[in-house]
Amino acid sequence: MTMAPENAAQSLYPTRGEARPTKLAIIGAGAVGSTLAYAAVIRGVAREVVLYDINKAKVEAEALDIAHGIQFTPMNKVYGSDDIESVRDADVVVVTAGAKQNPGQTRLELAGSTVDLMKKILPPLVEVAPNAVYILVTNPVDVVTYASLKITGLDPMRMFGSGTVLDTSRLRYLVSLETGIAVQNIHAYIAGEHGDSEVPLWSTAEIGNVPLLQWELPNGGRFDHDLRERIRVDVVQSAYRIIEGKGATNYAVGLAVTKIIEAVLRGENRVLTVSTLLDDWNGISDVCMAVPTIVSREGAGKVLAPPITMIERDALTASALQLREVARSLGF
């Protein structure tokens, strides 16, 4: 049975008592969307979480499964619906719906069919949630974000992509394995495309206040070129390995996007490598790709420009050119 969001009594778990409840809408009840809804409820990022999908039976079942565990989470209201009205007046809308990435298929190869889908679903979403902050997760996220801005005309601050927040987490995890240092104390970023041309910013990476390139490994070695390249390839190939093994990536991306949502709804001013529209960032303009950005209640704010090497800059420029070429081939 489809639950009407405006009637709290009909939702799966109604709660009261907050002066201005926050509302999170997740578009798409596939592996990523459902896992994201689960992670968001566990973290208590919003008082109301709605999962929207055109597959009525699946979206309601996914929401009901999550709702049955509400007793063990911060108090939330969660429901699933195939009615676009369920998204009305959401504070944050996260779009995960899109074509499925098959084993061996690059993210950029998904572009055409996914952008066509955005043309259909975004205008109705903006109509019912005109004041929301929109986070695009659907791959290829950088091209989809750029196209979505053109389709909707929204301010880039209010519509941005999940970028390389997940890739950055993968990078820090691999550095943690090499050093034995807690991943929370490793400060390193991946910039550029969320995909094959992404660029680790090794020159600014640190553990504590120690530059990563000066860090002595347990075996007495350093982060030389070979080790850095092995880690970079491992980060790039991670998604392909997971998709080949189980068909989709969903757990880590669910946690990564939950962190972005928290940064918005809690106004954290957190630095995250989201995919935002660039304007003369290291000479790069008119393309959406991931760079360190301050994320707050208003959305994607100030873009940071950490000092990078010419090699990193050239790699990022090449990444931007590739993304722009794909966008142009789609008519944007």
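Biologist: Which residue is the bridge partner of Leu-272 in β15?

Modeller: In this predicted model, Leu-272 has Thr-293 of β15 as its bridge partner.

Biologist: What makes β12 and β15 a pair of strands?

Modeller: Pairing needs at least two bridges between the strands. β12 and β15 (residues 293-296) have 3 bridges, in the antiparallel sense, so they meet the cut-off of at least two.

Biologist: Why are β12 and β16 said to stand at the edges of the sheet?

Modeller: The strand order is β12-β15-β16, in an open sheet with antiparallel pairing. β12 (270-272) and β16 (299-303) each have a single partner strand, so one side of each lacks a neighbour in the sheet. From one strand to the next, the twist averages 40°.

Biologist: How do you know that the span of helix α6 agrees with its number of residues?

Modeller: At 1.5 Å a residue, the 22 residues of α6 (residues 225-246) should span 32 Å, and the end C-alpha atoms are 32 Å apart, so the two agree. α6 also bends by about 45° at Gln-237.

Biologist: Which residues of α6 are buried, and what covers them?

Modeller: Among the buried residues are Leu-227, Ile-231, Val-235 and Tyr-240. The cover includes α5 (165-179) and β8 (190-191).

Biologist: Why is the contact between Glu-48 and Lys-23 called a salt bridge?

Modeller: The cut-off is a side-chain nitrogen of Lys or Arg within 4 Å of a carboxyl oxygen of Asp or Glu. The closest N and O atoms of Glu-48 and Lys-23 are 3.9 Å apart, so the pair falls within 4 Å.

Biologist: Are Glu-48 and Lys-23 buried or exposed?

Modeller: Buried means under 20% relative accessible area. Glu-48, at 12%, therefore counts as buried, and so does Lys-23, at 7%.

Biologist: What are the accessibility classes of Arg-297 and Asp-91?

Modeller: These two side chains, Arg-297 and Asp-91, meet in a salt bridge at 3.3 Å, N to O. Arg-297 lies in the loop between β15 and β16 and Asp-91 in the loop between β3 and β4, so this pair ties together parts 206 residues apart in sequence. Arg-297 has a relative accessible area of 29% and is therefore partly exposed, whereas Asp-91, at 7%, counts as buried.

Biologist: What joins Arg-43, Lys-259, Glu-262 and Arg-266 into one network?

Modeller: Salt bridges that share partners join these four residues, Arg-43, Lys-259, Glu-262 and Arg-266. One of the salt bridges is between Glu-262 and Arg-266, at 3.5 Å from N to O.

Notes. Residues numbered from 1 in each chain as written. Predicted model: local features only at pLDDT ≥ 70, side-chain atom pairs only at ≥ 80, totals over all residues. Heavy atoms only, no water. Helix = DSSP H or I, 4+ residues; strand = E, 2+ residues; numbered from the N terminus. Axes fitted to C-alpha atoms, helices over the stretch in contact; angles between N-to-C directions. Expected span 1.5 Å × (residues − 1). Bend = angle between axes of the 7 residues up to and from the residue. Buried < 20%, exposed > 50% of the residue type's maximum accessible area, 1.4 Å probe, protein only. Contact = heavy atoms within 4.5 Å.
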